[in-house]
Amino acid sequence: MGLIWTASLATGVDWQDSQHKDLFCKINEFIEAINRGKTQGDLLGLFNFLSNYVRTHFKQEEVAMDKHGYPGTVAHKALHKTFMDNLSVLQKGLREQEDIHKLTMQARKLLSDWFYDHVAKMDKNLGGFLVTKR
Ligand SMILES: [Fe+2]
């Protein structure tokens, strides 16, 4: 089963919520592609799109943190960086056709478990702070 966005995940910040919803859809597409046994080329295309989207999304969150002096900025940015580093390792592996089965399992875990958890906790805190700054 893929990621399901529910109202309890809403941060209250419109752009953040709509990007999170989009990302859930894109992550689900990627997971479905894995489940359907899509080719390495297809998976890599979806993965590249996803990682670019995530990078842009993280950047926008970080600009908002800096702009408003969010107290949790350092910790939140560190988590974004670790996630992007992990994505890069997976992307390289997919590109170089390492053990695709193992890589896709790792990608699925990272994208669905980590990302869901991040939205539910870190981003909810951030959004709660940002709505007070409007
Ligand atoms: Fe975040």
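Student: Why are α2 and α4 called roughly parallel to each other?

Tutor: Their axes cross at roughly 20° and come within 13 Å. Angles under 35 degrees count as roughly parallel, over 145 as roughly antiparallel, 65 to 115 as roughly perpendicular and the rest as oblique. The value of roughly 20° is under 35 degrees, so α2 and α4 are roughly parallel. The axes are lines fitted to C-alpha atoms, for helices over the stretch in contact, and angles run from 0 to 180 degrees between N-to-C directions. This is a predicted model: local features need pLDDT of at least 70, side-chain atom pairs count only at pLDDT 80 or more, and totals for chains, interfaces and linings use all residues. Residues are numbered from 1 along each chain as its sequence is written.

Student: What makes the contact between α2 and α4?

Tutor: From α2 come Gln40, Leu43, Phe47, Glu61, Ala64, Met65 and His68; from α4 come Ile100, Thr104, Ala107, Leu126 and Leu130. Contact means C-beta atoms, placed from the backbone, within 7 Å. By class there are 8 nonpolar, 3 polar and 1 charged residues. Here Ala, Val, Leu, Ile, Met, Phe, Trp, Tyr, Cys and Pro count as nonpolar, Asp, Glu, Lys and Arg as charged, and the others, Gly among them, as polar.

Student: What makes Gln97 exposed?

Tutor: Gln97 has 11 other C-beta atoms within 10 Å. A residue is buried with 20 or more other C-beta atoms within 10 Å of its own, exposed with 12 or fewer, and partly exposed in between; C-beta atoms are placed from the backbone. The count of 11 therefore makes Gln97 exposed. Gln97 lies in the loop between α3 and α4. Its phi is near 55°, a positive value in a residue other than glycine.

Student: Is Ser112 buried, exposed or partly exposed, and how do you know?

Tutor: Ser112 has 18 C-beta neighbours inside 10 Å, so it counts as partly exposed. Ser112 is in helix α4; helices are DSSP runs of H or I with at least four residues (strands: E, at least two), numbered from the N terminus. Leaving out residues up to four places away in sequence, Ser112 touches Leu3, Ile27 and Ile31.

Student: What is the bend in α4, and where does it fall?

Tutor: α4 (residues 100–131) bends by about 40° at Asp123. The value is the angle between axes fitted to the seven residues ending there and the seven starting there. Asp123 is one of the buried residues of α4, with Leu111 and Leu126 also among them. The buried residues of α4 pack against α1 (14–35), α2 (40–68) and α3 (73–95).

Technical notes:
Two residues are in contact if their C-beta atoms, placed from the backbone, lie within 7 Å.
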